[in-house]
Structures are given as structure tokens and as C-alpha cells.
Amino acid sequence: MRYEAGTYDIIVVGAGHAGCEAGLAAARMGKKTLLLTISLDSVALLACNPSIGGTGKGHLVREVDALGGQMGLIIDETFIQSKMLNTAKGPAVHSLRAQADKWDYQQAMKQVLENQENLDLKQAEVVDLVTDDQKVTGVVTRTGGLYRSKAVVLATGVYLKSKVFMGEVNYESGPSGLFPAQFLSEKLANMNIILRRFKTGTPARVDARTVDFSKMERQDGDEVMTPFSFQHETLDIEQIPCWLSRTTAATKEIIEANIHRSAMYSGEIKSTGVRYCPSIEDKVVKFSDKPTHQFFLEPEGKSTTEMYVQGMSTSLPEEVQLIMYRSMLGLENVRIMRPGYAIEYDCIDPTQLQLSLEMKRWENLFCAGQFNGSSGYEEAAAQGLMAGINAVLKTEGKEPFILDRSEAYIGVLIDDLVTKGTNEPYRMMTSRAEYRLVLRQDNADRRLTEKAWALGLASQERYHAMKDKVEKVETELKRLQNTVLPPEGINPLLEEKGTSTVKTGLSLMDALKRPELHYKDLQSVDPNPVEDLPPSVITQCEVQIKYKGYIDKQMKTVEQFRKMEHRMLPRDIDYHLISGLRIEARQKLTQNQPISLGQASRISGVSPADISVLLVYLEQQRRQKEGAEEKGRGE
Amino acid sequence: MIKEETIAAIATAPGEAGIGIVRVSGPEALRKTWPLFKPLKEITEENIIPKHMYYGKVVHPVTEELIDEVMMVYMKGPQSYTREDVVEIQCHGGSLSVRSIMKALLTQGVRSAEPGEFTKRAFLNGRLDLTQAEAVMDLISARTEASHRTALDQLEGHLSRKVRSMREEMLALLAEMEVSIDFSEEEDLEVETYEGLAFKTGRLIEQLEKLIASAKTGKILREGIKTVIVGKPNVGKSSLLNALLRENRAIVTDVPGTTRDAIEEQLNLRGIPMVLMDTAGIRETEDLVEQLGVERSRQLFQKADLVMMMLDASTHVSKEDVEILEMIKDKKTLIIINKTDLTPKLAENELPLWVKRDQLLRLSLLDESGLDSLEEALTSLIFEGEKRAVEKEMVTNLRHQQALETARDSLKEGLVGIEQQLPLDFIQVDYQTAMDSLGEIIGETVREDLVDYIFSHFCIGK
């Protein structure tokens, strides 16, 4: 039985990290939005690692925030430890990561959703999509509710036909004992949407009362905490330590002796896992020369004894897990509260999507998150936000909002998924971005907030904060350039820092160019230091001065890149008629329908020679057209 | 790719030869050639087998006049050089037959091909990559055997292979950098040290330097070495010029598509193309400096790759000689002391101190052996004693040279960053630039402005 349950502009299926951002973006852009979740208790669940950010991922959170998303704001409120990683490396790869209080995080996000105007949050399992010709026009829930809408965003995470594995034991289940979504996959398959099966895994949660911390190394957060959100300048949160320890030779032996019982090695699981987040079985097999591996113990929250064993995800049988964890330093008497498991789920081949995250063959159907073959909360949130925005723009008949690879990690993420596709759960990494020096986490607001403002996503407050910061940076840069110190004023400092002295005057800007000097060092010699300059402004100034040469170099390659991105490929182009293209390239181009030459060049199976052929073809077309026009005018 | 006209050209070099070939390419290659061809066997346009030789006669399609006895072969696209339908007619050598066949083809609406147009089509149809296409273009305009050989080597991909292997080394380096950039200090990973990176980078720079050095030779082979002959009146400049030209008359070539400067003579010296500059001046007044004036002479010397300064063995070094010698002090110079058959008066200590012994060559142009020793001296001077001319991985193309230089410079900048122990994510930018530049040579990196280059070099019209 079906009944008419309501009409919305946008329906979002799933309230994980993708779904939450999609729903909020749509509602904030003024659309009547419905956010459906299989369980209201699992909204924004941190089903695996209780942490947000990290290398590459931290950049995504910053960008989501700069675009008016929620993730950064929530984690800033609910973290229990915060750390800027990679500070010994360049500013482009500094990465912020925070351990979350898992329950606080969910609670805070749920509250925001509940208080969001235009947004209805509801518990329901979606079992079908309503279609009209090649358009999606609504969803049907398991209880028979038919909701109609102008666009649907699918953000089903790992719930589609999900199955959990621990050794020989396996059963149909979502993560953390939640219900799986059993029916939607089949409907999608009927719509000729290509599904595939990916897997991911999680380690056990152990009882803190049974851990011997004296054998472990304490890991504290940063003294001065950096916020994720550009709306926060400082943070005041009491931090809880994490712990570092190692496996032992015994751990290796136990795993090797039981590897045949691991669900991933026994052949039980055929799907593809994340290469960059391997299980402990994988690590032992692939790096067999390494006698031990490090692991971290991270609290799951302030008011729980559950701890997450980072680096030790496993699909070994429960009883083997226990002896394995107990062979590790500090865990000799550990009690497992939740065992580790591997989980397999349905997702789509993302090359079926356009860069707007709308399906190529199904109008008004947008997709985001793990459903698109990615892995990670941050990757999900970024896609959710973009899918939400584009679903809204679609209903308004506007051009989609697309970020390119030189504008944001989000652009890299979506372009990688949609253009190249992926054969394993896709994880963001800094090495995936070609223009890292431009796409820093410290300048995400400058890159993106203006755009969010234009979309109606950035609040007045956020927009003005960004404008204010930009202005402060410009003013300070000018001041540093114009403040020239005489040799006697600057030389003592230069000597102290072990860098060569000067005979004529030196501007503060030129002084900062020296690797040995930092902004704070200048305070002692600066005749008119600016009081209370926010740390984010100081960081901007330092980065822009110190690395100008390299940033300029990268900007040149960005220009080259953009030229290729702006060579648009006409929609009606028939690749089969371009005889210079290799057969494979013709097929791939026809299938993928890239919008630009740049995008075409990233499709696997399209060679650089094919791109040269396309370049020449486009130019010839242009000249022919021009010639025809001239002729037309002549006659 | 786009509906193309059918084109034809004489495929063999001009001059006396046993055989001449006319090549026709395009969608109507066979249809437009057929009216000319009278096969001996009973075959038709429809049942002709591709890649088979057919004996027959070629007649003028309008006048029915017999032109020549020929062998004809039809290659069906894409299995041909241009990937289009191609017909080749082999006739008797000499210019008469091929020209008559060409004329006959033109009456059928076949267009005469522009220089390099077959190659252009092969490239556009994906048959050749850019390096190969460029090599063919070089081949077409190759002036001498040595440059011809280099172009052929390049067509076979020697340079591409070398560049590819360098790129692989670079990729490995980049990967090592990426690993340490990608993973946080929390993961226990071993990463490459700055010392290790510096060592590997140094090795790459060396390889690049070697290739770039070959470009110098490559340029000579491509463009010819610009040479000026200078000396007092009556020292024997005309005799030298005439001797050089006479010796090489048979291989002085007309390069299609280039306008020849009236006062330049091109010749070939043991495979090295030479361009003798301002030979008109030599012929007319015998005294270049007197005719041109000091300033213009200076300018002329500036442009020259090589100066041949002639002195008379039977007289002392004059003030004018010393003046000229001063002017060409920084140039690659061969000082030829002519007329050794006469009573010698010139002593070597009359020459400025900077003149080196190995720059001097005593000879008599009356004597045949004089010219041999001149050629030897010139060859070793041009290649600086190294036999680079025979290396297979030779850079002859300006675009390649520039890309190699960019790659080298970027790596050098990278090395500076490594010495300063800058964060790898910065240094990586230089390595990426180097990688991309090398990619441009072999077409692995496609830049948007490639299209401008292609359109300007391959004369692709509207």
C-alpha cells in the first residue's frame, strides 16, 4: 500500500555526513527539504574512527566550512583533542585533525538539523524511487509513504545490502548493529544503474578500565588549538590524551596462524577494500618484514570507557581478535566491548555521474558520499554539500556549481570520482591535488566563501569575517613591505637567528623571506607592531611572503590547466566520426561525455595523443566556422 | 578526420635516379588515379587488391598520350602512411616522368600537396606522435646526410626512449616525495632523505645536460653552420670559396619552402651543412671589411657560428689583419694561412697572443691536399673534437631543446630547495615542472597552446 505522504523540493536519503550537509545546504538555500534516515539515533554517526580531519581530509573540512557547511562547526564544539599534523612540513600540507566525542558530535548535528528552517528530519527506510520517463520525481518508504520532490539526493552510505563479517561469521547488518537497507539496491539495478560492492572495516572498541597505560606513550593535543571553522578564532576545550603503543612479535604470529580465518583472506569477502586504510591482517601480510606495527588508543568520548584501537581494523573471528589484541603492549588484559568487523555494501560506479553529482542518465537524481564509492566522513560531507547545492540549482533551472581541481580539494575529489572512477573506496590524500600550494587549508575561506555568499549559503557573519581577514592581511603585508629597518636595527636579530647580516636597510617583508625568521621573531624589532592581529592573519602573511616564489610558479601551471578546462567539448560531438582517435578513446569519450578537453584528458583510456587529435579537431572546427561566417558576411 | 581533398606529390628527391615515385593520398586516391592507369592484367577499380604491385602504363587522361611504363600499388586506409587511401606510382627516374604524371593527376581534380602535408595528415589521423611528425618535417628539410640520419633516428624514437626513461626516474623521485608529503609524522614510514634526493637529482641533471649539449650539434645539423670568410684582398678568399663550392656542387641542395638569401651559399662538408654568409661581398670586392665598414662587419661576425680568417704566408701580418683578429676574438675561428707554396715570411709570433696553435692551419689552395686538411680542421673545430654527430639521441628540434632546458633549470631550482631543506611540498613543484616539460617532448603532457604550435608548423589551413 502506498499513500501520499508529502511534497518537497528536495529529498535527501540518508542522514550520515553526506546527507546532513546535503539537507542543510538545500534548506538553507530556501528549499523545502526532507531528510530521511534509517534510524534517528544514528544521525551523523562516526561509525569508525571517532576523529575528523587528517592529511587531505582536514582540507576538505575547511572547504566545507568555507562554503557554509556544518561539519567544521560541529567538530569545533565537540572535540576532545585537536592536533595540527605535519607542522614540520610546508604549510600546504599542514593538516588539522580532531578526536570527536562520538555522542556529542551526533547530538550536536541532530540539534542543528532539528532547528533548521525548511528542513524535516524523519526516520524511514527508502525502498523505491518514483520515476517519470528518465526523471526521478520522488521516493517511497518501507511503510508505504510516497514523497514527491523536484530532486532526490541519495546518500545511503554503507547501508545498501550491507553485510558484516567476522571470521566465518557473517550476517546482514549495517554498521554498529544498525539495520541495513535491503530493498533500494534492486530498484536501482532495475533503473540500469551500475552497482558494485565495496568493503571497509573497523577495529574493536575496548574497555579503558582494562588498559595498562603505563606501557603506552601519552599523546596530547596541541597547546594552542586551531579551529576547523573559519567562524572560530580561538577554542577553549579541555583535552583528553590519546595513547601510542605497538603490536608485538606474538601479534604477528597470531595473525599469521589465523589468517585463513580472516574473512578477507578466506574468500568470504570478494569486494574491494581501502588500500590506504588497511586492516592489520593486510599490514602483516603485505609488510611481512616488519616485526611490529604501531597503533593508537583513542577515547570514543568523554563519558564512556570505550576506546578505539586505531590502526587495528580486522575481520578475524571474535575469539582470535581477543588473543590478538591481548598480545599488544598495554592491552594484555584488555576486554573487548565491541569486536572489529569488515562490512560489505553496494555503491555505484561514480563515472555514471556528472560533475554536478547528478546522474548522467537520470535527471534530478543526485548522489553523494560512500554511495559514490568514496570512503571517509570528510569526503562524504564534501560531496553531500555539493550535491545539495546542485540539487537546488537544478530545481531553479540554473547552471551547476562546479569547483575545478585548481579551486578546491572538493573539486579534485569529485573530478577524480566522476572522471577517473575508482576501483576501491576513494580516500582523499594531499598527493591527489596537483595544485597543493594554492589549495591550502589556511586559505579555504579566501578561495570559497565568496562563492558560498553568492549561493546564499554563507551567513552575513561568515562573509564579513572573510572580507575582514583579507583586508587585514593586505594591510599587514603592505606595512611589512614599507617598514624598513636600518642595519643596526635588524642585524642583532639576524645574527641571533644565524642568518647573514645586512649593510643597507632591510624591510620586515624581506626579513620574513629568510627561512630562519618567523613573524613572532620580528616583534622585538618592529617599531610599530600591530596589536591583536589574529593568528589566522599572521599565518596568511607568513605563508604569502615566505613561499611567494613557489606559489607563483604553481599559479603558472594553474593557468595552463585552466586553459584546458576552458576548451569546452560540444555536447553533440560525435567521437566516432573523428578518425584520428583510437577506438578505445572513442568509446570512453562517448561513454563519459566530458565537458572539457581538460576533463577528457583525465579519462583512463584516453591518451595524450587522443587529446592532441581533439585539440586539432576543435581548432579546425573553430576555423571552419569562422571561415563560414566570413564567407557569409562576404556574400 | 575532416573531409579531406585528395592530394599528390612527387615522393622521390629531384635529380637523376633510377626510379621516381608519385604518391596520391585522400578519400579519392584510387578513383582519381584510375583514369590514368592502364593495367596489363584485367583488373578494375573494384577488384584491385591492396598492397599488390600492378604493372601497367600511365596515359594522359585527356590526350590519351602515353607517359610511362609504371608499377602501381594501392594501400587502403587506415593501413597506409597517412591512414587515408594511398596510391603510389613508380615510374622511370628523372624529372620528366614524375612531372608529367603529376600534371595528368591535376587534370583529375587532385591537388598538389604542400611540403609536409602527407606528414600533417599522418599526424592528424593519429598515425604519428608529435616527435615523429617533427622528425619527418626535419627529414623533409634535412640539408645533409648527417642531419638526415638524426631525423631518421628520431623517427625511430631514440630520443623518445631516452626522455621516457628519464621521466620514469623522475616519477620515482616524485613518488618518494609524495609519500613523505602524504602521510603524517604519526605513521611509521621510512622516507627518502634530502641527501638521497640531491644525489638522484644530480644524476638527472647530468643526463639532461648531455642531451642539451647534443642540441648544439643538432642545431648545426638542422640549420647549417653560419660561416664567414674574412681576410685582406688577394689572400685567396675567392679561391677558398670556389674550391669549397666546387667540391660540393653535387650535394648543394635546394630546400623547398625556404627562401634562399642571394648572398648565402650552402654546402656540405663531410655531412655538416654550412652556410657561407655574405659570399657576394667576397666575390665583388674581395674585402669584406672595406666594403661593409667596421660596424657592419662586427654585426656580421656576431651572427656567425664560425669565422675563417685568411692570412697570406708570404707576407707579414698587417695592422688590418690584427684589427680583424681582435674583432673575432670571441668567435670560433679558424685561421688559415694560405700560399704555403710561396716563400714563407709570416711568423707565428706576429699573431696576437690569444691565438691558439690548433686554430692555425697552413695550406696551399693550389694543392688538392690542402682542402682535405681544411675539412678535417673544420670538422673537429665544429664538434670540438667530440664525435657527437653520430649519437642517436640527438636533439635537433628547438622545441625539444627548450623543453629540456626548462626541465634542467627546474631540477636545478629543486636542488637549491633541497640544499635549503625546504619542505618537500614546495620542492615538488619544481620536479613536477621538469616532469611536465619532458612530457611535452614526447607528447605525454598536452598543453593547450600545443594547438598553436601545430597550426603554425604544419600549415593546417581552414
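Is A:Ser176 buried, partly exposed or exposed? With a relative accessible area of 30%, A:Ser176 is partly exposed. That value falls in between the two limits, since buried means under 20% and exposed means over 50%. Please keep in mind that you are looking at a predicted model. The points below start with the backbone around this serine and then move on to domains, cores, salt bridges and the surface.

**Backbone details worth a look**

- A:Ser176 is not a glycine, yet its phi is positive, at about 55°.
- To find A:Ser176, go to the loop of chain A that runs between strand E11 (169-172) and helix H5 (184-190).
- B:Arg83 sits in the loop between E5 and E6 of chain B, and its relative accessibility of 31% makes it partly exposed.
- The loop between strand E5 (66-75) and strand E6 (86-92) of chain B also holds B:Pro78.
- The peptide bond that joins B:Gly77 to B:Pro78 is cis, with omega at about 5°.

**Domains of chain A**

- Chain A is split into domain 1 (3-199 + 344-454), domain 2 (205-343), domain 3 (460-552) and domain 4 (567-634).
- Taken over C-alpha atoms, the centres of domain 2 and domain 4 of chain A are 50 Å apart.

**Nonpolar cores**

- The largest nonpolar core contains 114 residues, and A:Tyr105, A:Leu365 and A:Ile410 have the most contacts inside it.
- Helix H9 (residues 377-395) of chain A is the top contributor to this core, giving 11 residues.
- Both domain 1 (3-199 + 344-454) and domain 2 (205-343) of chain A supply at least three residues each to this core.
- Which residues is A:Ile410 in contact with, leaving aside its neighbours within four places in sequence? They are A:Leu60, A:Glu63, A:Val64, A:Leu67, A:Ala382, A:Met386 and A:Leu403.
- Apart from this core there is another one of 38 residues, including A:Leu437 and A:Tyr550 from chain A as well as B:Ile418 and B:Met435 from chain B.

**Salt bridges**

- Over all chains, the whole structure has 63 salt bridges.
- One of them pairs the side chains of A:Lys57 and A:Glu378, at 3.4 Å from N to O.
- A:Lys57 belongs to helix H2 (residues 57-66) and A:Glu378 to helix H9 of chain A, so this pair ties together parts that lie 321 residues apart in sequence.
- A:Lys57 and A:Glu378 are both buried.
- Another salt bridge brings together the side chains of A:Lys513 and A:Asp510, at 3.2 Å from N to O.
- This pair stays within helix H14 (residues 508-513) of chain A, where A:Lys513 and A:Asp510 are three residues apart, about one turn of the helix.
- A:Lys513 is partly exposed, with a relative accessible area of 42%, and A:Asp510 is partly exposed as well, at 35%.
- The side chains of A:Glu565 and A:Arg602 also form a salt bridge, at 2.9 Å from N to O.
- A:Glu565 lies in helix H17 (residues 548-565) of chain A, while A:Arg602 lies in the loop between H19 and helix H20 (608-634), so the pair links parts that are 37 residues apart in sequence.
- Both A:Glu565 and A:Arg602 are buried.
- Through shared partners, salt bridges join A:Glu565 and A:Arg602 with A:Arg405, A:Asp415, A:Asp416, A:Lys420 and A:Glu434 in one network.

**A nonpolar patch on the surface**

- A:Ile402, A:Met568 and A:Ile595 make up a nonpolar patch on the surface, and together they have about 240 Å² of accessible area.
- You can find A:Ile595 in the loop between helix H18 (583-592) and helix H19 (597-601) of chain A.

**Chain B at a glance**

- Chain B has 16 helices and 13 strands.
- Of its 462 residues, 54% count as buried.
- The accessible surface of chain B is about 21700 Å², with 51% belonging to carbon and sulfur atoms.
- Among chain B contacts between residues at least 6 apart in sequence, 67% join residues at least 24 apart.

Methods. Residues numbered from 1 in each chain as written. Chains lettered and ligands numbered in written order. Predicted model: local features only at pLDDT ≥ 70, side-chain atom pairs only at ≥ 80, totals over all residues. Heavy atoms only, no water. Patch = residues over 30% accessible without salt bridge, like charges linked within 9 Å, V, L, I, M, F, W, Y side chains within 5 Å. Areas by Shrake-Rupley, 256 points an atom, 1.4 Å probe, with all protein chains shown as cover. Salt bridge = Lys/Arg side-chain N within 4 Å of Asp/Glu carboxyl O. Helix = DSSP H or I, 4+ residues; strand = E, 2+ residues; numbered from the N terminus. Core = buried A, V, L, I, M, F, W, Y, C linked by side-chain atoms within 4.5 Å. Buried < 20%, exposed > 50% of the residue type's maximum accessible area, 1.4 Å probe, protein only. Domains from an automatic or database assignment. Contact = heavy atoms within 4.5 Å.
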